[in-house]
Structures are given as C-alpha cells and as structure tokens.
Amino acid sequence: MNFKSEVNLKDNTQNLNFSQPTITRKPLELLRDTEALLRRPTVATLVPILPPKLGDNLQIASSVAEESLHELAEIDLETISDWELRPLRMRIGLSFVGFGALMTVLLLLYLNTLYSQLSPIEQIGKYWHQYVWFVCLGVTGMFILGREAMRPINKPRKSGKK
C-alpha cells in the first residue's frame with residue numbers, strides 16, 4: 001500500500017489570489033454606516049408600535065443621531081495631534097480616579113448602614129469583588145495620570161509669523 005499524498009500543496013497555495021478592497025473607508029465612516037444600518041430598521045419597526053408622542057421622540061432622536069454621526073464621520077483622525085488629546089486623556093484618568101473613589105465610599109456607606117453588625121474585615125470579605133473593582137478603577141486612573149505626567153511636552157509650533 002502506498003499512503004503518500006499525491007496532492008502537491010505548494011502548487012495549490014501559490015495560486016491563491018485574494019481580492020483587494022476597492023474602497024478604503026475611514027473608521028468613522030464605517031461606524032456611521034454600520035450604526036445607520038442597525039438603527040433605521042429598528043426605528044421603522046418600533047415607531048408604529050409605540051404611542052405617538054414616544055414614536056415622535058424616537059424619530060427625533062434618530063435624526064439627531066444621524067446628523068451627529070455624519071458630522072463625526074467628517075473628522076479626519078490623522079489630523080488630530082497627540083497634544084490635542086492630552087487634556088482628554090487627563091480627564092479620563094481623573095474620571096476613573098473619581099468614580100473609583102466615589103463608589104468605594106458608597107460601598108463603605110452601604111456596608112456600614114446595612115451590615116453594621118459585621119466587622120470591617122467581614123464586610124470587605126462579603127463584598128470583596130466590588131471593593132477590588134472600585135480600587136482597580138482608581139489605580140487605573142492613577143496610571144493614566146502618571147503616564148500623562150511622564151510624557152514629554154511637545155507643543156505644536158505655530159506656522160504664523162508675528
């Protein structure tokens with residue numbers, strides 16, 4: 001018996017040609033089109049079912065979303081500099097720190113109010129998942145802020161003469 005393969009794999013794989021995309025679209029245009037393909041049929045299905053006032057509000061929200069995403073798709077992501085994103089990254093870091101601290105305080109308030117008979121160790125032992133999540137959010141925010149603090153500050157040079 002001869003168990004050798006008679007198919008030559010090298011010849012078969014060399015002949016594969018994949019088609020190249022003809023149109024390269026920007027990511028924000030792709031987001032706009034995908035969202036519209038999901039939103040429009042959903043709104044068209046829900047409007048006849050809903051009460052008239054709620055249906056009108058849904059159509060208004062849909063048209064606002066359409067306009068907003070159209071404006072968003074016109075933004076060229078390549079023109080946004082690292083310097084312009086710095087304040088946003090700092091706000092995100094501060095939001096993480098603030099939300100983590102707020103939720104930790106609310107968790108402690110909740111535990112001291114409803115489970116005052118338990119010791120602090122028992123309270124954290126019972127709700128350690130939430131505690132760890134909130135502390136991790138705060139630590140993540142601190143890492144984001146620390147990263148921004150260590151970045152070199154390279155202000156863009158203005159191209160105008162004074």
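## Buried and exposed

Buried means under 20% relative accessible area, exposed means over 50%, and partly exposed is what falls in between. This is a predicted model. In it, Arg 39 has a relative accessible area of 12%, so Arg 39 is buried because that value is under the 20% cut-off.

Arg 39 pairs with Glu 66 in a salt bridge. Their closest N and O atoms are 2.7 Å apart. The pair links distant parts of the chain: Arg 39 sits in helix α2 (residues 27-46), Glu 66 in helix α3 (residues 52-73), and 27 residues separate them. Glu 66 is partly exposed, at a relative accessible area of 26%.

The model's count of salt bridges comes to 8.

## Asp 82 and its two arginines

Asp 82 meets Arg 151 in a salt bridge, with N to O at 2.9 Å. Here too the pair links distant parts of the chain: Asp 82 lies in helix α4, while Arg 151 lies in the segment after α6 (128-150), 69 residues apart.

Asp 82 also forms a salt bridge with Arg 89, with N to O at 3.0 Å. How accessible is Asp 82? Its relative accessibility is 43%, so Asp 82 counts as partly exposed. Arg 89 is buried, with a relative accessible area of 16%.

## Arg 86: buried, without a salt bridge

Arg 86 lies in helix α4. Arg 86 is buried yet has no salt bridge. Why does Arg 86 have no salt bridge to Glu 148, 4.2 Å away? Glu 148 is the nearest side chain of opposite charge.

Arg 86 does touch Glu 148, along with Arg 151 and Ile 153, leaving aside residues up to four places away in sequence. Arg 151 is the residue that bridges to Asp 82.

## A nonpolar surface patch

Which residues make the nonpolar surface patch? They are Leu 31, Leu 72, Ile 75, Leu 77, Ile 80, Leu 85 and Leu 88, and the patch is about 520 Å².

Leu 85 is found in helix α4 (residues 82-114). Leu 85 is partly exposed, at a relative accessible area of 34%. Patch members need over 30%, so Leu 85 clears that cut-off.

Key:
Residues are numbered from 1 along each chain as its sequence is written. This is a predicted model: local features need pLDDT of at least 70, side-chain atom pairs count only at pLDDT 80 or more; totals for chains, interfaces and linings use all residues. Side-chain values use heavy atoms; hydrogens and water are left out. Patches are made of residues with over 30% relative accessible area and no salt bridge: like charges are joined within 9 Å, nonpolar side chains (Val, Leu, Ile, Met, Phe, Trp, Tyr) within 5 Å. Accessible areas come from the Shrake-Rupley method with a 1.4 Å probe; for residues, only the protein chains shown count as cover. A salt bridge is a side-chain nitrogen of Lys or Arg within 4 Å of a carboxyl oxygen of Asp or Glu. Helices (H or I, at least four residues) and strands (E, at least two) are DSSP runs, numbered from the N terminus. Buried means under 20% relative accessible area, exposed over 50%, partly exposed in between (1.4 Å probe, protein chains only). Lys and Arg count as positive and Asp and Glu as negative; His and the chain ends are not counted. Contact means heavy atoms within 4.5 Å.
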